[in-house]
Amino acid sequence: MKTIRIVMLALVCSMMAYAPAEAQVNKKPLKKEIKKKAVKEARKEAKKYSKQGYTTAPGALPMAKQIETAWMRQYEVDEEGFPLYIVASGNSVANTQSAAKLQATELAKLELAGSISTQVAALIENSISNQQLNAEEAASVTKTVAASKNIIAQELGRSLPLFEIYRTLKNKNVEVTVRMAYNTKKAMEVARKTLSQKLESETSLAHEKLEKLLKF
């Protein structure tokens, strides 16, 4: 009996030791594939931007490296296979680099908010059918969601900067292009909170219906 227990214990230990190793083996090809795709896309995009006269700020990472990181973020997925980040870009021209960067960042935030609003609108449309809202309630909800982009943009916290490039134009103005990412899960939380407040103040939906509607 003692021998059997020792053998079983050894078997369990070997399985526990093997499981993490197997998980690592399965993850490695995926990471390698993401890296390979990111490098390929980054080189292509960096070459395009360089031809257009873009460069990076002094002391910043090389353009190709920044863009590679951006593409890797775009390819990242969560445990369920959904995109881990929502990625957006912004471009602006101004008299100074700082002013152009500020405007480009705001435009990128609006693009982020637009992507979030589109995803939320699809989820709520499905939820409207499930909750069996009447025509008036459904129209009111749809209208509120459609007008939520700017408010969601204002409520977004700090985003993850991916890259920032600039070029000086012939008229001495500066053009800046930025790309940023925002965690998808956090983005949906911001959207849910924002829409909950707007729907509560702008529609006559009962609290229970509102909670069920925003259960995404």
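Me: Among contacts in the protein chain between residues at least 6 apart in sequence, what percentage join residues at least 24 apart?

Reply: This is a predicted model, in which local features need pLDDT of at least 70 and side-chain atom pairs count only at pLDDT 80 or more, while totals for chains, interfaces and linings use all residues. Residues are numbered from 1 along each chain as its sequence is written, and side-chain values use heavy atoms, with hydrogens and water left out. Contact means heavy atoms within 4.5 Å, and among contacts between residues at least 6 apart in sequence, the part joining residues at least 24 apart is 69%.

Me: Which pattern does the protein chain follow, read along the sequence?

Reply: Helices (H or I, at least four residues) and strands (E, at least two) are DSSP runs, numbered from the N terminus. The chain has seven helices and three strands, and read along the sequence they follow the pattern α-α-β-α-α-α-β-β-α-α.

Me: How far apart are the end C-alpha atoms of helix α3?

Reply: The expected span of a helix is 1.5 Å times one less than its number of residues. Helix α3 holds 35 residues (97–131), so it should span 51 Å. The model agrees with this, as the end C-alpha atoms are apart by 50 Å.

Me: Is α3 roughly parallel or roughly antiparallel to α4?

Reply: Axes are lines fitted to C-alpha atoms, for helices over the stretch in contact, and angles run from 0 to 180 degrees between N-to-C directions. Angles under 35 degrees count as roughly parallel, over 145 as roughly antiparallel, 65 to 115 as roughly perpendicular and the rest as oblique. The axes of α3 and helix α4 (residues 135–146) come within 10 Å and cross at roughly 170 degrees. The relation of α3 to α4 is therefore roughly antiparallel.

Me: Which residues of α4 make the contact with α3?

Reply: From α3, the contact takes in Ser-117, Ala-121, Ile-124 and Ile-128. The partners that α4 supplies are Ala-138, Val-141, Thr-142 and Val-145.

Me: Which residue in the hairpin of β2 and β3 takes a positive phi?

Reply: Strands β2 (residues 160–168) and β3 (residues 174–183) run antiparallel and are joined by eight bridges; Phe-163 stands opposite Arg-179, while Arg-167 has Glu-175 as its bridge partner. Five residues lie between the strands of this hairpin, and a positive phi near 75 degrees is taken by Lys-172.

Me: Is Glu-45 buried or exposed?

Reply: Buried means under 20% relative accessible area, exposed over 50%, and partly exposed in between (1.4 Å probe, protein chains only). Glu-45 belongs to helix α1 (residues 2–51) and, leaving aside neighbours within four places in sequence, is in contact with Ile-67, Trp-71 and Arg-179. Because its relative accessibility is 11%, Glu-45 counts as buried.

Me: How far apart in space are Phe-216 and Val-120, C-alpha to C-alpha?

Reply: Phe-216 lies in the segment after α7 (207–213), and with a relative accessible area of 25% Phe-216 is partly exposed. Leaving aside neighbours within four places in sequence, Phe-216 has contacts with Val-120, Leu-123, Ile-124, Met-188 and Arg-192. Although Phe-216 and Val-120 are 96 residues apart in sequence, their distance in space, C-alpha to C-alpha, is 8.4 Å.

How values were computed:
Two strands pair if DSSP finds at least two bridges between them.
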